[in-house]
Amino acid sequence: MMGLVRILFLVMVVMAVLALVKGIASASRPAPRAGPREGGRGRRATRQGGKLFRDPVCGTYVTAEGSPAAARGRETVYFCSDECLSKFRDSAD
Ligand SMILES: [Zn+2]
């Protein structure tokens, strides 16, 4: 009986120590994932592609990079999705 209590006590001590070590490790490292060059999360989406273009169908602002695009006269228009692109193509012409 006493042996079991001892084992349980030891397990609890080990778990407490592990939790403490984890806490110290995470506190001493200031989040290495977020690089200082990025300037924080959130801004990245608007900054990366540079200029923002307004989706003429739904009004969402999108970056040129990775967005579906279509020509409207001499300018290029960008869309948030292929769905808006097809809507635009349906409404034009
Ligand atoms: Zn859209």
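**Close-up views of a predicted protein model**

Residues are numbered from 1 along each chain as its sequence is written.

**View 1. Helix H1 covers residues 2–28.** How many of the 27 residues of H1 are buried? The count is zero, and H1 is hardly covered. (A residue is buried if 20 or more other C-beta atoms lie within 10 Å of its own, exposed if 12 or fewer, and partly exposed in between; C-beta atoms are placed from the backbone.) The end C-alpha atoms of H1 are 39 Å apart, which agrees with the 39 Å that its 27 residues should span at 1.5 Å a residue. The expected span is 1.5 Å times one less than the number of residues.

**View 2. Strands E3 and E4 form a hairpin.** E3 (residues 69–72) and E4 (residues 75–78) run antiparallel and are joined by four bridges; two strands pair if DSSP finds at least two bridges between them. Look for Ala69, whose bridge partner in E4 is Tyr78. Two residues lie between the strands, and Gly73 in the turn has a positive phi of about 65°.

**View 3. Five residues make up the largest nonpolar core.** A nonpolar core is a set of buried Ala, Val, Leu, Ile, Met, Phe, Trp, Tyr and Cys residues joined through C-beta atoms within 7 Å. Beyond four places away in sequence, Phe79 touches several residues, including Asp55, Val57, Ser67 and Phe88; two residues are in contact if their C-beta atoms, placed from the backbone, lie within 7 Å.

**View 4. Pro56 lies in the loop between strands E1 (52–54) and E2 (61–63).** Pro56 is partly exposed because 17 other C-beta atoms lie within 10 Å. Not counting residues up to four places away in sequence, Pro56 touches Val77 and Phe88. Pro56 and Phe88 are 32 residues apart in sequence, yet their C-alpha atoms are 7.8 Å apart in space.

**View 5. Pro68 is found in the loop between E2 and E3.** Leaving aside neighbours within four places in sequence, Pro68 is in contact with Phe79, Ser81, Asp82 and Leu85.

Methods. Predicted model: local features only at pLDDT ≥ 70, side-chain atom pairs only at ≥ 80, totals over all residues.
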